[in-house]
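The following exercises are to be worked through with the sequence and the 3D structure in view. Each task is followed by a solution in steps.

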Amino acid sequence: MFGQLSRSMRRAVVCAVALAAAALAVGSATALPNAPWASEPAASGTNAASGTAAAAAAPEPTLSLFGRKANGHLYDYEPNGTGGLKASVDLGGGFDDATALVQAGHSESGAGTDLYFRMGKTLYYTAERGNDTKVVGGGWDTYNLLMSPGNLGGTGHDDIIGRDAAGALWLYQGKADGMLAARIRIGSAGWNGMDALAGRGDYTGDGKADLIARATNGTLYIYPGTGNATADAALGARVTVGTGWGTATYKTLVSAGDSNGDGKADLIAVDAAGALWLFKGTGKSAAPFEARVQIGTSGWTAFNALF
């Protein structure tokens, strides 16, 4: 359907289709597999790796950065190949009612930039290559944070992480069609003490996707992924990146994968003045980021969501 359109224009059409489909699907959502209100799996009591070995590491993706403004419009910033961003493309409005927005790659054998969005209690999925929007399920309002760390579970597909009101962390492994497997608890409690979760790839150099978390006191951590989608064993012991990362310095933390094309996952931050900064990944857990480089001068605090 969209083969003759530019990538940004194709995404704009996809967004319009997604919103129209979501409007039609209101009230028709089905229950989630292993829905959020189901009984919790028993904790293993350990962070040691166990279960099936992780799939072979794939190259780090280079993704667009998406932003939403208060008027409900989504903006697409394509990477320029050296760590910066091309001029924005307005993908259209109507997303002001979305309470969560997550990008993930499932279509085009994982190369597509697909969209999950939550309206009310319902989570929807729409593919960059395709012309339909799917209802993933209802009950997603149980989560106060949704994000994608990439392929954390080792299946080769992007996953979704949700944090519930009690501070537990849950992993939903992605499938090739954009649907999600039954959830697995990957953090038993205490995650409400983190005011940001980010990351899109391997930051420790072991070939497995990791999770970045910022505590409310401004300390930044990396939780190394084990590559095992096993209850309470998907994340290893955390590594402290440093202090001073709090909201007074950086309002937003997000990752678009390997932004500068060097094969290593990077981190992007918006400072209090609205400037955009790139922290190039090193792939070394002891010092995971190089000194920051400014890639946007001002205006980035106008976005109420970056993903």
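**Exercise 1.** Which residue in β17 does V254 stand opposite?

*Solution.* The structure is a predicted model, in which local features need pLDDT of at least 70 and side-chain atom pairs count only at pLDDT 80 or more, while totals for chains, interfaces and linings use all residues. Residues are numbered from 1 along each chain as its sequence is written, and side-chain values use heavy atoms, with hydrogens and water left out.

Step 1. Strands are DSSP runs of E with at least two residues, and helices are runs of H or I with at least four, both numbered from the N terminus. Two strands pair if DSSP finds at least two bridges between them.

Step 2. β16 and β17 (residues 267-271) run antiparallel and are joined by four bridges.

Step 3. Within β17, the residue opposite V254 is I268.

**Exercise 2.** Determine which strands stand at the edges of the open sheet that contains β16.

*Solution.* Step 1. The sheet has four strands in the order β16-β17-β18-β19, with antiparallel pairing.

Step 1. β16 (250-254) and β19 (293-296) each have a single partner strand, so one side of each is left without a neighbour in the sheet. These two strands are therefore the edges.

**Exercise 3.** Is D232 buried or exposed, and where is D232 placed?

*Solution.* Step 1. D232 lies in the loop between β14 (220-223) and β15 (239-242).

Step 1. Buried means under 20% relative accessible area, exposed over 50%, and partly exposed in between, with a 1.4 Å probe and protein chains only. The relative accessible area of D232 is 6%, so D232 is buried.

Step 2. Most residues other than glycine have a negative phi. The phi of D232, however, is positive, near 60 degrees.

**Exercise 4.** Explain why strand β4 is described as largely enclosed.

*Solution.* Step 1. Six of the seven residues of β4 (residues 98-104) are buried, so the rest of the structure largely encloses this strand.

Step 1. β4 also pairs with β5 (residues 114-119) in the antiparallel sense over six bridges. In this pair, A100 stands opposite R118.
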